[in-house]
Amino acid sequence: MIKSICYFETPGPENTDKLLKLVKERSDELGIDNIIVASVSGRTALKLSEILGDADIVCITHHAGFREKGKLEMDPKIRDEVTKKGIKVYAGSHALSGVGRGISNRFGGVTPVEIMAETLRMVSQGFKVCVEITIMAADAGLIPMDREIIAIGGTAQGVDTALVISPAHMNNVFDLRIHEIIAIPRP
C-alpha cells in the first residue's frame, strides 16, 4: 500500500480545518465512523461534527482541576451544544500522566508513565495526545474495541495530528496499535 501523509510546517491551530478535511477523506476511504477528538473548549468537536455528519464522535476534554481546583474548563453552554449534536463528552484523568504527575509534583523524579508520554512527544505533542485520548476513551467504554478508530489531537489549541489506531485499555496499553499517520506537524 502506498499512502501519503500530510506534514504541517508548524504545529498549531492554523492546521485545524485542513486536518479535519483529511480525517473526513480517510474515514470515508477506510469506513471508520468512530472518531475521538481532543477538544478542551468543545469547538473543534463541533467543527468535526459539521464535517463528518453522522460519525460517532467522542470529545475528550481536560479533567476537572486541570487548570483550577474543582473546575471543568469547557463552558457549559458549549458542552450542551456539543451533546445536542450527539457527541459524547468525556472529562477524566489523563492516561499518560494522572496520579504519576501528582507523585512527581510532590516527590520529584519521574514515573514510567511520564517517560512513556515524553517518548511519544518525541514524534509530536499531538501524537502523544492521540494515543492518550484513545486509552481514555477505551477505558470509559466510549469506543468499540474490535475495530480501528481515528484519534485527533494537537498542540495547545486546535488540532494538527490524526492517527488510525486499534485501541487498547490502560491495563493492556502495549496492545494499542498505530496503523497510520494521516497528518502530523513536522518537527
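In strand β6, the bridge partner of A151 is L163. The model that contains this pair is predicted, so that local features are reported at pLDDT of at least 70 and side-chain atom pairs at pLDDT 80 or more, whereas totals for chains, interfaces and linings use all residues. Residues are numbered from 1 along each chain as its sequence is written, and side-chain values use heavy atoms, with hydrogens and water left out. Helices (H or I, at least four residues) and strands (E, at least two) are DSSP runs, numbered from the N terminus.

The sheet is open and consists of 7 strands in the order β1-β7-β6-β5-β2-β3-β4, with mixed pairing; two strands pair if DSSP finds at least two bridges between them. β1 (6-8) and β4 (88-91) stand at the edges with a single partner strand each, so one side of each has no neighbour in the sheet. From one strand to the next, the twist averages 25°. Angles run from 0 to 180 degrees between N-to-C directions, and axes are lines fitted to C-alpha atoms, for helices over the stretch in contact.

The pairings can be followed along the sheet. β1 and β7 are joined in the parallel sense over 3 bridges, and F8 stands opposite P185 in β7. β6 and β7 pair in the antiparallel sense over 5 bridges, with I165 opposite I178 in β7. The pairing of β5 with β6 is antiparallel and has 5 bridges. Strand β2 (residues 34-38) and strand β5 (residues 149-153) run parallel and are joined by 3 bridges. Within β5, I150 is the bridge partner of I35, and A151 stands opposite I36.

Burial is described by relative accessible area: buried means under 20%, exposed over 50%, and partly exposed in between (1.4 Å probe, protein chains only). In β5, 5 of the 5 residues are buried, so this strand is largely enclosed by the rest of the structure. Both of its faces are covered, with I149, A151 and G153 buried on one side and I150 and I152 on the other. Contact is defined as heavy atoms within 4.5 Å. Not counting residues up to four places away in sequence, I150 touches V23, S27, I32, N34, I35, I36, L163, V164 and I182.

Beyond four places in sequence, A162 touches L19, V23, C130, A151, I152, E180, I181, I182 and A183. A162 and H94 are 68 residues apart in sequence and 18 Å apart in space, C-alpha to C-alpha.

Nonpolar side chains tend to be buried together in soluble globular proteins. A nonpolar core is a set of buried Ala, Val, Leu, Ile, Met, Phe, Trp, Tyr and Cys residues joined through side-chain atoms within 4.5 Å. The largest such core has 28 residues, and those with the most contacts inside it are L19, V23, I35, V37, L48, I150 and I152. A second, separate core has 27 residues, among them L96, F127, C130 and A138.

Helix α6 lies across β2, β3 (56-61), β4, β5, β6 and β7 and runs at about 130° to β5. Helix α5 (residues 112-121) and helix α6 (residues 125-139) pack at an angle of about 130°, their axes being 7 Å apart. α5 is therefore oblique to α6; angles under 35 degrees count as roughly parallel, over 145 as roughly antiparallel, 65 to 115 as roughly perpendicular and the rest as oblique. A117, L120 and R121 of α5 meet Q125, F127, K128 and V131 of α6 in this contact. These residues divide into 4 nonpolar, 1 polar and 2 charged, where Ala, Val, Leu, Ile, Met, Phe, Trp, Tyr, Cys and Pro count as nonpolar, Asp, Glu, Lys and Arg as charged, and the others, Gly among them, as polar.

In helix α2 (residues 43-52), the buried residues include T44, A45, L46, L48, S49 and L52. The buried residues of α2 pack against α1, β2, β3, α3 (76-84) and β5. G53, which follows α2, has a positive phi near 65°.
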